[in-house]
Amino acid sequence: QVQLVESGGGLVQPGGSLRLSCVASEGAFYFGDYTISWFRLAPGKGREFVAGITWSGGPTAYADSVKCRFTISRDNAKATVFLQMKSRKPEDTADYYCAAENRRRIEVVRSYETYDLWGQGTPVTVSS
């Protein structure tokens, strides 16, 4: 069973940058088949799709609230997906989770029910 492990969370000032990583425990052998997305969960809010990337690293998708500020990328050889976050805002404060679906989709699905593998989450706080 592949496990996902997020890292890179922490405290950042408004306008600052942070990069999250999501690593698959089984390594690169199967990782290239997975569609990977990031979701976030803020206090008092529901789970929100943030960004996703298809198995090939081609089509990506972003929530409107993070478009042009966040960038998702993947390195299949390292079984890792990255979420580069710039121009952070206080409303970006949340626990961030990566999720995987073992399916070679041609476009990213934003619904969390689609994903059957989840990491434990990494907290991100944007505050001065």
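Mentor: Helices and strands here are DSSP runs, numbered from the N terminus. The model is predicted.

Trainee: In what order do the elements of the chain run from the N terminus on?
Mentor: The chain has one helix and 11 strands. Read from the N terminus, the order is β-β-β-α-β-β-β-β-β-β-β-β.

Trainee: What radius of gyration does the chain have, and what would a compact globule have?
Mentor: The C-alpha atoms fill a box of roughly 40 × 25 × 25 Å along the principal axes. For 128 residues, a compact globule would have a radius of gyration near 14 Å. The chain agrees with that, at 14 Å.

Trainee: What share of the residues counts as buried?
Mentor: Buried means under 20% relative accessible area. The chain exposes about 6500 Å², with carbon and sulfur atoms supplying 49% of this area. Of the 128 residues, the buried share is 45%.

Trainee: Among contacts between residues at least 6 apart in sequence, what percentage joins residues at least 24 apart?
Mentor: A contact requires heavy atoms within 4.5 Å. Of the contacts in the chain between residues at least 6 apart, those joining residues at least 24 apart make up 60%.

Trainee: How far apart do the centres of the positive and negative side chains lie?
Mentor: The chain has 15 positive and 13 negative side chains. The centres of these two sets are separated by 6 Å.

Trainee: How many salt bridges does a search of the whole structure find?
Mentor: Side chains of opposite charge can pair when their charged atoms come close. The cut-off for a salt bridge is a nitrogen of Lys or Arg within 4 Å of a carboxyl oxygen of Asp or Glu. Searching the whole structure gives seven.

Trainee: How many residues apart in sequence are the parts that Asp33 and Arg104 tie together?
Mentor: The side chains of Asp33 and Arg104 form a salt bridge, at 2.6 Å from N to O. Asp33 is in the loop between α1 (28-31) and β4 (35-41), and Arg104 is in the loop between β9 (94-101) and β10 (117-118), so the separation in sequence of the parts tied together is 71 residues.

Trainee: Are Asp92 and Arg88 buried or exposed?
Mentor: Asp92 and Arg88 make a salt bridge whose closest N and O atoms are 3.3 Å apart. Under the 20% limit for relative accessible area, both Asp92 and Arg88 are buried.

Trainee: What is the relative accessible area of Lys67?
Mentor: Lys67 forms a salt bridge with Asp64, with 3.3 Å between the closest N and O atoms. Asp64 is exposed, at 66% relative accessible area. Lys67 is partly exposed, and its value is 42%.

Trainee: Which residues is Leu11 in contact with, leaving aside neighbours within four places in sequence?
Mentor: Leu11 is in strand β2 (residues 10-12) and is exposed, with a relative accessible area of 64%. Its C-alpha is 9.1 Å from that of Thr93, 82 residues away in sequence. With the sequence neighbours left aside, the contacts of Leu11 are Thr125 and Ser127.

Trainee: Which residues does Ser87 touch, not counting those up to four places away in sequence?
Mentor: Ser87 lies in the loop between β8 (80-85) and β9, and at 39% relative accessibility it counts as partly exposed. Ser87 and Gln13 are 74 residues apart in sequence, with 9.3 Å from C-alpha to C-alpha. The residues that Ser87 touches are Gly15, Gly16, Arg69 and Asp92.

Definitions and conventions. Residues are numbered from 1 along each chain as its sequence is written. This is a predicted model: local features need pLDDT of at least 70, side-chain atom pairs count only at pLDDT 80 or more; totals for chains, interfaces and linings use all residues. Side-chain values use heavy atoms; hydrogens and water are left out. Helices (H or I, at least four residues) and strands (E, at least two) are DSSP runs, numbered from the N terminus. The radius of gyration is taken over C-alpha atoms; the globule rule is 2.2 Å times the number of residues to the power 0.38. Buried means under 20% relative accessible area, exposed over 50%, partly exposed in between (1.4 Å probe, protein chains only). Accessible areas come from the Shrake-Rupley method with a 1.4 Å probe; for residues, only the protein chains shown count as cover. Lys and Arg count as positive and Asp and Glu as negative; His and the chain ends are not counted. The place of a charge is taken as NZ of Lys, CZ of Arg, CG of Asp or CD of Glu.
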